[in-house]
Protein chains: 2
Amino acid sequence: MANDQRFSGVLVPVLTPFKADLGPDTAKFLQYCRWLLDQGVDGLAVFGTTSEANSTSVDERMDQLDALIEAGISGDRLMPGTGACALTDTVRMTSQAVKHGCRGVLMLPPFYYKGVSDDGLFASFSEVIQRVGDDRLAIYLYHIPPIANVPITLSLIERLIKEYPDTVVGLKDSSGDWSNTEAVLNAFPGFGTFAGSEAFLLPTLRGGGVGCITATGNVNPAAIKHVADNWQTPQADELQAAITLVRKTIQAYPLIPACKRIVAHFHNDSSWTQVRPPLDGLGDEQAATLLSELEAVGFDMAGLEEDMAAQ
Amino acid sequence: MANDQRFSGVLVPVLTPFKADLGPDTAKFLQYCRWLLDQGVDGLAVFGTTSEANSTSVDERMDQLDALIEAGISGDRLMPGTGACALTDTVRMTSQAVKHGCRGVLMLPPFYYKGVSDDGLFASFSEVIQRVGDDRLAIYLYHIPPIANVPITLSLIERLIKEYPDTVVGLKDSSGDWSNTEAVLNAFPGFGTFAGSEAFLLPTLRGGGVGCITATGNVNPAAIKHVADNWQTPQADELQAAITLVRKTIQAYPLIPACKRIVAHFHNDSSWTQVRPPLDGLGDEQAATLLSELEAVGFDMAGLEEDMAAQ
C-alpha cells in the first residue's frame, strides 16, 4: 500500500455501548460511529482497549464489524483491533478485516505470557502475516505496556519492518512515555507512528509522526482534529494546551467509564454508562464532579450538546 | 457438591501437543492424557497456562474437551481451564465443562485490564456463575499474578465464598509466594487450596491444603503423587526434597518448552518440542544440558523410559 493511502490524523478507539444484558448494542454503535465521523475524525479504531474489545468474544467483534460494513461505513475509515492471545483468533479477525477492505488493523501482541522473547513475538506476527496472506494487509503495532504488559520493542519493530516493509506500516504508542515515542520517531522515519493520547499530538506530528489514536477522541473529537489540522500554524501550541487540559481532567478518572459517562451525559442516554465486567462504572457523584471539572476547564459543553441534538 | 467429592492430590495441567501446522494434535493429546492417568495422578487440569491454552482459540479448546469425553475420559477426572478475558467466552467454556460433568473448572480472572477493582472481579465471577446457572459447577480460582498480572486477593476470595459457598470451592496458588498460600490456608480452612508447584506440596498439605496442580507433573507425575500419598509418613520430607530438586532443575529453564523437551525425549517423539508462538522452543544444546542435569540430580530416567515403552 502506498504511503499516501495510509492512515493519518485523528482516530478514535470507539466506545462500545452495551445493552442491559451486556450484549453489544449494535444499532447504537452504528449511530455513534456515524456521529464520530461527522465530527471529522479520520478513522475509527474499533475494538481497541477503550472499546472493551477484549471483554467481548471474537464472534461478538466480528459481528460488529460485519454490521459496520453492511451499514455502509467504508473499510477505508476502519482500523479494527485484531490482536488476541491466540494466534488462530488473530488470524481470523485480521482476515475478516482485510476481506472487508479495512485500511489497516491495530494489532496487540499476544498478551497472556509475560517476558516472552522478541523472537517469539516476531514468529507470532510473521505467522499471522503469512496465514492472512494478502497484500492489502496493513498492520499498526499496538504498544501498550501498562495494560498488555508485553512491549513492542524497537528491535522488534526493526525486524518486522525489514521483513514486511509493505505490511508493518505503523504503531500506536500507548506507553504514556514520550521518550519511547521519540525513540520510535527517530529510529523509523516514514513509519506511521501514532501517539496513544492527544496530549502528545503536537510533539508527535512535529517529530514526524502521523497523528493520534485516543480514547478521549470519543468525547472531544472536533477539538483534537482541529489541532491535527492546524499543527503548523502559530496557534498550534495554544490549541494543544486546551485539548491537553481536557484530557488530563478526564484521565484523572478511570478512563473508559469516565468517557462513557461523558457520552451518556451529552447523548442524554444513561445506558451508555454500562461497562462490561471486570470494569467498574463511575459512581453518580464522581461523574457529576468530572462534568463540572470539565466545564471549569472550558470544555465546550454547549457546542457538543448542539452537535448531539442535530443527530 | 459435598466436600468428599472434591478434587485433591496431584493434578497436571496437560501439555498440548501441536502438529507441524500448529493445530492441536488430538490423537496424541488423548494418548498422553491416558498415560498421565496411568501414572496415578488424580486429575487433569487441561487448558492451563502450561497447556498454552490461551494461545489457542475457544473453539480449539472446546473441541479438545469434546474429544476427551468422547474418548471415554471421565469428567470426574477433569478440571479444564475456562477463564478468559471475555465474560461470554468464560461462560461458554464453563457451561460446556459442566455439561460434560467436569468435577471442577480452573478459572483465571479476566486478565486484559490491569488494576481492576475487587468489585469488578467479583461482578465478573458472579455474572459467570449466574449465567452458567448450574448447581454442579465447582470453581477453583486461579491466582497467577506473575502471568495474569491480575491477582485474586484474600478479600475477593472471602466475598466469593460467602456469596457462593457451594460453587467457589478452591484455588490454585501460582504466585510462587509461600506467604500468600499460607495466608489463604489460614484464612479459609476447608477451602480447596492447591499449590501451583510441587515444591510447596508438603507445606500445603500440612497447612490444610488439598494438593498441587503443577506443570512439572507432566514429567515427574508418579514421584509427585508418591509424596501426596505419603505426606504423613516419616519419609515425607525426604521424598519432598527429591521432587523439589527435580522441579528446581527444570524451572531454571523456560518451564513450558523445557517440559515439552523432556516429554519429547522420553516419548521418543520430537514433535512434542513444538510450541505455539509467542513461546519459543528450547534449543538442542540447552535441552541436552537440561537432560544431563536431570540425570545428575537422580531423576529416574530409566523408570520413566520403561513406563513410556509399556504404553
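**Confidence.** I started with the scores of this predicted model. Chain A averages a pLDDT of 95, and 95% of its residues reach at least 70. For the model I noted an ipTM of 0.96 and a pTM of 0.96.

**Interface, area.** How much area is buried between chain A and chain B? I get about 3,200 Å², with carbon and sulfur atoms giving 59% of it. I also asked which three residues supply more than any other three of what chain A buries against chain B. They are Tyr112(A), Tyr113(A) and Pro278(A), which supply 25% of that area. By contacts, 42 residues of chain A touch 42 residues of chain B.

**Interface, polar side.** I went looking for salt bridges between chain A and chain B, and the rule finds 0. Polar contacts do turn up: I have 18 residue pairs between the two chains, both partners at pLDDT 80 or more.

**Interface, elements.** On the side of chain A that touches chain B, the elements giving two or more residues are helix H3 (87–99), helix H4 (118–132) and helix H5 (145–148). H4(A) has the largest share, with 7 residues. I sorted the residues of that side by class and got 22 nonpolar, 10 polar and 10 charged.

Pro278(A), already on my list for the buried area, sits in the loop between helix H11 (255–266) and helix H12 (284–296) of chain A.

I then checked chain B. Pro277(B) and Pro278(B) are joined by a cis peptide bond as well, with omega about 15 degrees. Pro278(B) is in the loop between helix H11 (255–266) and helix H12 (284–296) of chain B.

My last entry is Phe47(B), which is not a glycine but has a positive phi of about 65 degrees. I placed Phe47(B) in the loop between strand S2 (43–44) and helix H2 (58–70) of chain B.

Methods: Residues numbered from 1 in each chain as written. Chains lettered and ligands numbered in written order. Predicted model: local features only at pLDDT ≥ 70, side-chain atom pairs only at ≥ 80, totals over all residues. Heavy atoms only, no water. pLDDT = per-residue confidence, 0-100. Contact = heavy atoms within 4.5 Å. Buried area = accessible area lost by both parts, 1.4 Å probe. Salt bridge = Lys/Arg side-chain N within 4 Å of Asp/Glu carboxyl O. Polar contact = N/O pair within 3.5 Å; in protein donor to acceptor, adjacent residues only side chain to side chain. Helix = DSSP H or I, 4+ residues; strand = E, 2+ residues; numbered from the N terminus. Nonpolar A, V, L, I, M, F, W, Y, C, P; charged D, E, K, R; others polar.
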